Amino acid sequence: MNEKKILFADDDPEIREVLRLLLSGEGYEVVEAASGAEVLSKLDDTVDLVILDVMMPGMSGYAVCSEIRKQSTVPVLFLTAKSQDQDKAVGFSAGGDDYLVKPFSYTELVSRVKAMLRRYCVYGAKSAEQQSGVIRCCGNIEIDTAQNIVRRDGQEVPLTDTEYRILHLLASNQKKVFSVQNIYESIWDEPYFYTSNNTVMVHIRNIRRKLGDDPQNSHTIRTVWGKGYRIE
């Protein structure tokens, strides 16, 4: 397996040094950036994961993530001291895939990194061995499982890797109701806690928005009140 490349951004040189040593010690190639602009200048198709501090000079991590999403579906992990649910919601709305709050244990960081890379490089957009086929849902939505892309009325919808996998999970089991816990444990591959509810709900909202659904009357991902979500 090729060495995975991680692009890590933080304006604190000491934190960058610690993370570089930690991640390189795990066998990853680490590219450092001290600002959002530097992240965007160093991002290319060889990057497998981006780790962003939120509070950086010039551009916040949220703004950087939004710019990344205009050109790439590479997974983004926010690493930040901002711990409120509304902060996480902003991060996910910007296109982030996961959120780790400082202070954090190095064991937890490495576990998150490995899980995100496994999903992206083995099961996600960079997998070299994809099953060929198209899943159709709601008439005008199709999921191309060969290329891991979603189209609406023939036009590609720019979903993140996490958003794609949530939609694929639901569309592969149409009419089955998935609870928030089902979705979280299937997609994030880690134990569910009540605080995970908001994480799933923000991603569902993002998917609906990108698919052009009316937030009050979604025709793609339906809410089954008190139970979860399903695609009909």
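Me: Which residues of helix H7 (residues 180–187) are the buried ones?

Reply: In this predicted model, the buried residues of H7 are Val180, Ile183, Tyr184 and Ile187.

Me: What makes these residues of H7 line one face of the helix?

Reply: Viewed down the axis of H7, the buried residues fall within an arc of 95°, so they line one face of the helix. In general, an α-helix has 3.6 residues a turn, so residues three or four places apart point the same way.

Me: Why is Tyr184 called buried?

Reply: The relative accessible area of Tyr184 is 7%. Buried means under 20%, and Tyr184 is therefore buried.

Me: What kind of aromatic pair do Tyr184 and Tyr192 form, and what makes it so?

Reply: The ring centres of Tyr184 and Tyr192 are 6.4 Å apart, with 70° between the planes. Centres within 6.5 Å make a pair, and planes over 60 degrees apart count as edge-to-face; the pair of Tyr184 and Tyr192 is therefore edge-to-face.

Me: How do you know how H7 is oriented relative to H8?

Reply: H7 and H8 pack at an angle of about 85°, with their axes 10 Å apart. Angles of 65 to 115 degrees count as roughly perpendicular, and that makes H7 roughly perpendicular to H8. The contact is made by Val180, Ile183 and Tyr184 of H7 together with Asn197, Thr199 and Val200 of H8. By class, the residues of this contact divide into four nonpolar, two polar and no charged.

Me: Why are H6 and H8 described as roughly perpendicular?

Reply: Helix H6 (residues 161–171) packs with helix H8 (residues 197–210) at an angle of about 85°, and their axes are 10 Å apart. The range for roughly perpendicular is 65 to 115 degrees, and H6 and H8 are therefore roughly perpendicular to each other. From H6, the residues Thr162, Glu163, Ile166, Leu167 and Leu170 meet His203, Ile204, Asn206, Ile207 and Lys210 in H8. The residues of the contact of H6 with H8 comprise five nonpolar, three polar and two charged.

Me: How do you know whether Glu163 is buried or exposed?

Reply: Glu163, found in helix H6, has a relative accessible area of 1%. With the limit for buried at under 20%, Glu163 is therefore buried. Not counting residues up to four places away in sequence, Glu163 touches Pro158, His203, Asn206, Ile207 and Lys210. The C-alpha atoms of Glu163 and His203 are 6.2 Å apart in space, while the two residues are 40 residues apart in sequence.

Me: What makes Asp87 a buried residue?

Reply: Asp87 lies in helix H4 (residues 85–93) and has a relative accessible area of 13%. That value is to be set against the limit of under 20%; Asp87 therefore counts as buried. Leaving aside neighbours within four places in sequence, Asp87 is in contact with Tyr62, Lys82 and Tyr99.

Me: What kind of aromatic pair do Phe78 and Tyr99 form, and why is it called that?

Reply: A search of the whole structure finds six aromatic pairs. Phe78 and Tyr99 form one that is 6.0 Å centre to centre, with 50° between the planes. Planes under 30 degrees apart count as stacked and those over 60 as edge-to-face, the rest being tilted; the pair of Phe78 and Tyr99 is therefore tilted. This pair links distant parts of the chain, with Phe78 in strand E4 (residues 76–80) and Tyr99 in strand E5, 21 residues apart. Both Phe78 and Tyr99 are buried. Ring pairs also link Tyr62, Phe78, Phe92 and Tyr99 into a cluster.

Me: How do you know that the peptide bond from Lys102 to Pro103 is cis or trans?

Reply: The bond from Lys102 to Pro103 has omega near -5° and is cis. In general, most peptide bonds are trans. Pro103 is placed in the loop between strand E5 (98–101) and helix H5 (106–123).

Terms used:
Residues are numbered from 1 along each chain as its sequence is written. This is a predicted model: local features need pLDDT of at least 70, side-chain atom pairs count only at pLDDT 80 or more; totals for chains, interfaces and linings use all residues. Side-chain values use heavy atoms; hydrogens and water are left out. Helices (H or I, at least four residues) and strands (E, at least two) are DSSP runs, numbered from the N terminus. Buried means under 20% relative accessible area, exposed over 50%, partly exposed in between (1.4 Å probe, protein chains only). The arc is that of the directions from the helix axis to the C-beta atoms. Axes are lines fitted to C-alpha atoms, for helices over the stretch in contact, and angles run from 0 to 180 degrees between N-to-C directions. Angles under 35 degrees count as roughly parallel, over 145 as roughly antiparallel, 65 to 115 as roughly perpendicular and the rest as oblique. Contact means heavy atoms within 4.5 Å. Ala, Val, Leu, Ile, Met, Phe, Trp, Tyr, Cys and Pro count as nonpolar, Asp, Glu, Lys and Arg as charged, and the others, Gly among them, as polar.
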